[in-house]
Amino acid sequence: MSNSKLILVLGDQLSWSNPAIAAADPQTDGIILAEVREEASYVPHNRHKMVLIFSAMRHFAQALRDQGFTVYYTEIGAGLGSLEEACSAALKQHPAKSVEVCSPGEHRLLAAMLQWSDRLGVPVNLLEDTRFLASNDDFTAWAAGRKQLRMEYFYREMRKRYDLLLDDQDPCGGQWNYDADNRKGWRNQVPIPEREDVPPDAITQKVIDEVLEYFPDNPGDLSQFRLAVTHEGAQEQFDWFCRYTLADFGNYQDALPEESPWVFHSLISMYLNCGLLEPLALCQRVEAEYRAERCSLAAAEGFIRQILGWREYVRGIYWLLMPEYAERNTFDARRPLPDFFWNAETDMRCLQRALSQSLDLGYAHHIQRLMVIGNFALLAGLDVHSVCAWYLAVYVDAYEWVELPNTSGMALFADEGAMASKPYAASGKYIQKQGNHCKQCRYNPAKMTGDEACPYNSLYWHFIDRNADLLSSNPRMGLIMGNWRKRDPEEKQAITAWADTLLEQL
Ligand code: FAD
Ligand code: DLZ
């Protein structure tokens, strides 16, 4: 047998710092990239995600060939079933002493890969994914012995470890966290810059045609495909964010405007998660913008907290607690997903906007995912597994390591409090405060019951009432629970009865 290796590169590992590529020798080693049915259909992925991944894979394959590598590439039209089959076929052409692969981002694929050595007849070596800033061992060591895991304490350690936004050993400005400055509601205070389209090149256009042909029923309006598909293109998108919207990112991070699906957000999760951008470089660049006085400390800290804090933290939680984590369901929520999750046909304006852009573009910003769609699913008691599968399917940046803790843990509080200290449940008043959807909505956020009442209102109290036993033991819910208990019994009855009517209609 030859001394060469075969390197399998997954569609979300398209990075020069992928450890399997970094250790490869173009003279002897071959690289496998494969568009396969199994990965393309384990959920009905948004077509934007498929075009991004397949086109980025094809561009990266060409960059690898330019570096002298032999690349074994399979396009989706070849009808190949699985990544294992892709390895098996490549081994026939390129006998190798081992297959090397950077560990995958989803437990289901990791479990499958652990069987591959026996099935393929050569060792399959899984390398630690070094593209993250905290390894699984780092996170396990940090979590060990703690009664409660909280992002804030993890984040402070990461700031120190990577020397980000520190003056000597202290946090810049004297505080670790400027979240309180990141919650402005939207009242058209400043213009939102127009984003520039990234026109599809010939490779992307071919992928668009193929995805339309092979996945006719998946969500995603590809006439609006506007994503970058190369490292350089993704970097240009990030440069654009630093130049035009970073300064307002912090202020309006939680805003819910009618005017724009993107507001001042960075739109980079899809590139980070498939390897076109690297997290540390982004944090360092944003710190440099702050040091050069081109953005406030609150904006820079708010952004760095998301990448260095939340993104690493959710990944740590996922690998620490899987596979049992995926089975958790704190409130035993099992109501079927309403059809409007797949067609956006609802009169609730905020929800209609968030759902339609999620389905059409594969993007919704954090507050839409958490406080509009997730909040509705929490209040209505929608089935946790179906909601998680929906999030995994519709977003262009969705992989289970990041989607599951955010959906099950943060949005649905289904993980028994591993991610959050209390449920992110809110009534229509919160949505009204954060934006201007309510002005265009047929429902009234000031009303609790009746045809005109905003459904979030009665559903909020229904959630509190039906889960009172569990919620009463949470000290952070004490005030709300007390308010509900003190309310007039007849009024309470009318509210929960109205919510029941709404739930029956779902
Ligand atoms: P910005 O608002 O500009 O934030 C900058 C970056 O910070 C993001 O690109 C992302 O990399 C990181 N970030 C921010 N918040 C989080 C977070 N909570 N967890 C992890 N990273 C974070 N993010 C995903 O990448 N994939 C998902 O599948 C995903 N599913 C989510 C599901 C729910 C229910 C919720 C509440 C959040 C989810 N998020 C997910 C987190 C967050 O909403 C997205 O990362 C963000 O909206 C992406 O848009 P952006 O790049 O414009 O982010
Ligand atoms: C998401 C995705 C899709 C749609 N298709 C492929 C594919 O055909 N080939 C591939 O290597 N990767 C794909 N991916 C990304 C994988 O699903 C991802 O690597 C795993 O879910 C682990 O994170």
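Where is Arg-58 placed? Arg-58 has its place in helix 3 (residues 47–66).

## Basis of the report

This is a predicted model, in which local features need pLDDT of at least 70, side-chain atom pairs count only at pLDDT 80 or more, and totals for chains, interfaces and linings use all residues. Residues are numbered from 1 along each chain as its sequence is written, chains are lettered from A and ligands numbered from 1 in the order in which they are written, and side-chain values use heavy atoms, with hydrogens and water left out.

Helices (H or I, at least four residues) and strands (E, at least two) are DSSP runs, numbered from the N terminus.

An open sheet is formed by 5 strands in the order 3-2-1-4-5, with parallel pairing. Its edge strands, each pairing on one side only, are strand 3 (70–74) and strand 5 (124–127). From one strand to the next the twist averages 25 degrees. Pairing here requires that DSSP finds at least two bridges between two strands. Strand 2 (residues 30–34) pairs with strand 3 in the parallel sense over 5 bridges, and Ala-34 has Thr-74 in strand 3 as its bridge partner.

Strand 1 pairs in the parallel sense with strand 2 over 3 bridges and with strand 4 over 4 bridges. Leu-8 has Ile-32 in strand 2 as its bridge partner, while Ile-7 stands opposite Glu-100 in strand 4. In a regular strand the side chains alternate between the two faces of the sheet. In strand 1, Lys-5 and Ile-7 point one way and Leu-6 and Leu-8 the other, and all are buried; buried means under 20% relative accessible area, exposed over 50%, and partly exposed in between (1.4 Å probe, protein chains only).

## Helices on the sheet

Helix 3 lies across strand 2 and strand 3 and runs at about 160 degrees to strand 3. Helix 4 (residues 83–93) also packs on the sheet, where it touches strand 1 (5–8), strand 2, strand 3 and strand 4 (98–102), and its direction makes about 145 degrees with that of strand 2. For these angles, axes are lines fitted to C-alpha atoms, for helices over the stretch in contact, and angles run from 0 to 180 degrees between N-to-C directions. Contact means heavy atoms within 4.5 Å.

## Arg-58 and Glu-210

Arg-58 counts as buried because its relative accessibility is 8%. Not counting residues up to four places away in sequence, Arg-58 touches Glu-35, Tyr-73, Glu-75, Ile-76, Ile-203, Lys-206, Val-207 and Glu-210. The C-alpha atoms of Arg-58 and Gly-81, which are 23 residues apart along the chain, are separated by 18 Å.

Glu-210 belongs to helix 9 (residues 202–214). With a relative accessibility of 12%, Glu-210 therefore counts as buried. With the same exclusion of residues up to four places away in sequence, Glu-210 touches Arg-58, Glu-75 and Ile-76. The side chains of Glu-210 and Lys-206 are joined by a polar contact of 2.9 Å. A polar contact is a pair of N or O atoms within 3.5 Å; within protein, one must be able to donate a hydrogen and the other to accept it, and residues adjacent in sequence count only if both atoms are side-chain atoms.

## Enclosed space

The model has 4 cavities of 30 Å³ or more. On a 1 Å grid over the protein atoms alone, a cavity is a set of points where a 1.4 Å probe fits but cannot get out, and a pocket is an open set with protein on both sides within 12 Å along at least five of seven lines; lining residues have an atom within 4 Å of a point. Grid points are joined across faces, edges and corners, and a volume is the space filled by probe spheres set on the points.

The largest cavity has a volume of about 330 Å³. Its lining comprises 23 residues, of which Gly-11, Asp-12, Glu-39, Ile-53 and Tyr-399 lie nearest its centre. Helix 3 gives the most to this lining, with 5 residues.

## Backbone features

Most residues other than glycine have a negative phi, and most peptide bonds are trans. The peptide bond from Met-322 to Pro-323 is cis, with omega near 0 degrees; Pro-323 is found in the loop between helix 14 (297–321) and helix 15 (340–343).

Val-263 has a positive phi, near 50 degrees, and lies in the loop between helix 11 (246–249) and helix 12 (269–274). Val-263 counts as buried because its relative accessibility is 1%.
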